[in-house]
Amino acid sequence: MGVKRNQRLKELFLQEISTAILTINGINANGILTLTGTELTKDSKVLYVYYSVLGTEAERQRKEHLLKANSREIRTQLFKRLCIKNVPELVFKFDETPEKAAHIEGIFKQIRSEE
């Protein structure tokens, strides 16, 4: 599969999954869920969907449970909405990048205040 097609599919899946998760009951309660990116395997069989949660650890775990419990339903919605032959298996992974960035920013602020 070409690199351009792979990129277009990743963007399409991200957009469609963002729409599909809005139907999950309770996903928007307590904590903000953000889809941060996708990664499609070379054989297009698995799509890793990265997300972050603004909130407590308990809220993050709750969102993780909701995403995993509803991944089959989300995939079914993708089958119905998209005109493609195969929809990959969805695997949701927590993205720690925003938390790491906030931690580094905190260190920079501390350094600046000490100067």
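Helices (H or I, at least four residues) and strands (E, at least two) are DSSP runs, numbered from the N terminus. With that settled, I opened my notebook on this one.

**Entry 1: ground rules**

I am working with a predicted model, in which local features need pLDDT of at least 70, side-chain atom pairs count only at pLDDT 80 or more, and totals for chains, interfaces and linings use all residues. Residues are numbered from 1 along each chain as its sequence is written, and side-chain values use heavy atoms, with hydrogens and water left out.

**Entry 2: confidence**

I looked up pLDDT, the predictor's confidence in each residue, from 0 to 100. The protein has a mean of 87, and 99% of its residues reach 70 or more. A reminder to myself: where pLDDT is low, the predicted coordinates should not be read in detail.

**Entry 3: S52**

I found S52 in strand β2 (residues 46–54). Is S52 buried or exposed? I sorted residues by relative accessible area: buried is under 20%, exposed over 50%, partly exposed in between (1.4 Å probe, protein chains only). S52 has 11%, so it counts as buried. Next I listed its contacts (heavy atoms within 4.5 Å). Not counting residues up to four places away in sequence, S52 touches I32, L33, T34, T36, F94, D95 and P98.

**Entry 4: the core**

I then turned to nonpolar cores, meaning sets of buried Ala, Val, Leu, Ile, Met, Phe, Trp, Tyr and Cys residues joined through side-chain atoms within 4.5 Å. The largest one has 23 residues, and those with the most contacts inside it are F13, I17, I21, Y51, I74, L90 and F92. Two or more residues come from each of α1 (3–20), β1 (32–40), β2, α2 (57–81) and β3. In soluble globular proteins, nonpolar side chains tend to be buried together.

I followed two of these residues further. I17 touches L35, L47, V49, I74, L78, L90 and F92, leaving out residues up to four places away in sequence. F92 sits in strand β3 and is buried, at 6% relative accessible area. Setting aside neighbours within four places in sequence, F92 is in contact with I17, V49, Y51, L67, K68, S71 and I74. I also checked F92 against E39: they are 53 residues apart in sequence, and 10 Å apart in space from C-alpha to C-alpha.

**Entry 5: salt bridges**

How many salt bridges does the structure hold? My criterion was a side-chain nitrogen of Lys or Arg within 4 Å of a carboxyl oxygen of Asp or Glu. The structure holds five. Side chains of opposite charge can pair when their charged atoms come close.

E57 and R60 meet at 2.8 Å, N to O. These two are three residues apart in helix α2, so about one helical turn separates them. E57 is partly exposed at 45% relative accessible area, whereas R60 is buried at 16%.

K68 bridges to E64, with the closest N and O atoms 3.1 Å apart. About one helical turn separates K68 and E64 because they are four residues apart in helix α2. Both count as partly exposed: K68 at 48% relative accessibility, E64 at 22%. Salt bridges that share partners join E57, R60, E64 and K68 into one network.

I also noted E105 with R112, a salt bridge whose closest N and O atoms are 3.6 Å apart. E105 is partly exposed, at 34% relative accessible area.

**Entry 6: a surface patch**

Which residues make the nonpolar surface patch of about 340 Å²? They are I104, I107, F108 and I111. Patches are made of residues with over 30% relative accessible area and no salt bridge; like charges are joined within 9 Å, and nonpolar side chains (Val, Leu, Ile, Met, Phe, Trp, Tyr) within 5 Å. The areas come from the Shrake-Rupley method with a 1.4 Å probe, and for residues only the protein chains shown count as cover. I104 lies in helix α3 and is partly exposed, with 44% relative accessible area.

Most residues other than glycine have a negative phi. S44 lies in the loop between β1 and β2 and is partly exposed, at 22% relative accessibility.

Last, I looked up V3 in helix α1, which is exposed at 71% relative accessible area. V3 and N86 are 83 residues apart in sequence and 18 Å apart in space, C-alpha to C-alpha.
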